[in-house]
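Here are my notes for you, point by point. Have the structure open as you read.

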Amino acid sequence: MTLQNTDETSEVKVFGISEQFAMLNDPYQVEGTAGTAISTGEAKVNFEAQTNPAVILKWTAGTGTLSVGDTIDNSINGAQSTLVQILEGDSTAGTGLFNASNATAWSDSAQTLDDSPSAGDWSATYTVGSLVEFDYLIDCNDNATTGITIQQLYDYMNAKADEATIDTTPYDHREVMYWANGEANPLPLVGTATGSPNKFKTIRNVADTAGVALYNFTGGNSSIDFFTGNDGSTWTPSATVTLFVKVVEGDFVTNNPGARVGIHRQSDNSEIFNGITDAQGEVSTSFNYTSDVPVFIRVRDESFNYVKVPGTITSSGLNTTISTGDDDIYAAT
């Protein structure tokens, strides 16, 4: 494996040892000073090898609240895992990354998930086909107040890969970093598109069939292309769409500021959004789209006029204008 260096060097102390080295020459790199890249990462990044695979699972029709730290099981076998991050969505419908799996493997078949091992109140329907397993997790927060971005993680690993002697403590970085794609690339996190923001994906050790996933990163999923699992399957974040509602008076012309707007699923009446229109009579929010969602949009203005209309969140989002005038078709009964 050949690593190309620039002429720029910097001195940094790693675990009390003074070392001088350069950053790799890489189009996806942003931080140009190795010492800065390493100090940013060392304070927060933690590589976590899994005794049993970590898993990504999706769910729908959730009731109750699922929280980080909850241990879940299922209705068909004794598999258990602990939630480290809800990657998208919420307790009702979402995607979670779970570690600390016990020795029973998760089954990709119809089942009910619940947090009874944590004495909780959450249960949901597992989405068949969503299971992805990983032998390594990278925590971008490691109990710090805030996490680092995926870009900062990439710069950190880039600098670590160019150290004269790569660290073996507190975790063996060589095990995680020098195996990606059969050592054709020293990093398990690689760039896929330059620009702003850069996109990144994780790749697996093909020989050892070991995938990697990230969590506790800042900036949301906008910088993720996908995570590659142990078997080569991938998890790709859902597209983020905009839900936009404009509220007008009965003339369909005059803006209606200060109106309360709620968006609820038709299936179970669970709330997706609740907000108040601005001076233009408008309100909006972002939503992780996985499939079309039939909804009801409820509007109540300052005169206590109430309107309820149906709609559908599609791959284009939701964009609708609602009048608070009388509506005999969609008014609540």
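**Loops, a helix and a sheet**

1. Thr 209 sits in the loop between E11 and strand E12 (212-215); strands (E, at least two residues) and helices (H or I, at least four) are DSSP runs, numbered from the N terminus. Thr 209 has a positive phi of about 45 degrees, although it is not a glycine. At 40% relative accessibility, Thr 209 counts as partly exposed, where buried means under 20% relative accessible area, exposed over 50%, and partly exposed in between (1.4 Å probe, protein chains only).

2. Do keep the source in mind. This is a predicted model, in which local features need pLDDT of at least 70, side-chain atom pairs count only at pLDDT 80 or more, and totals for chains, interfaces and linings use all residues. Residues are numbered from 1 along each chain as its sequence is written, and side-chain values use heavy atoms, leaving out hydrogens and water.

3. Asn 269 also has a positive phi, near 65 degrees. Its place is the loop between strand E16 (260-265) and strand E17 (271-276), and Asn 269 is partly exposed, with a relative accessible area of 41%.

4. The peptide bond from Ser 196 to Pro 197 is cis, with omega near -5 degrees. Pro 197 belongs to the loop between strand E10 (189-193) and strand E11 (199-202). Most peptide bonds are trans.

5. Helix H2 is largely enclosed by the rest of the structure, because 11 of its 12 residues are buried. Among them are Ile 150, Leu 153 and Tyr 154.

6. Three strands form an open, mixed sheet in the order E18-E15-E21, where pairing requires at least two DSSP bridges between two strands. The edge strands, E18 (282-289) and E21 (318-323), each pair on one side only.
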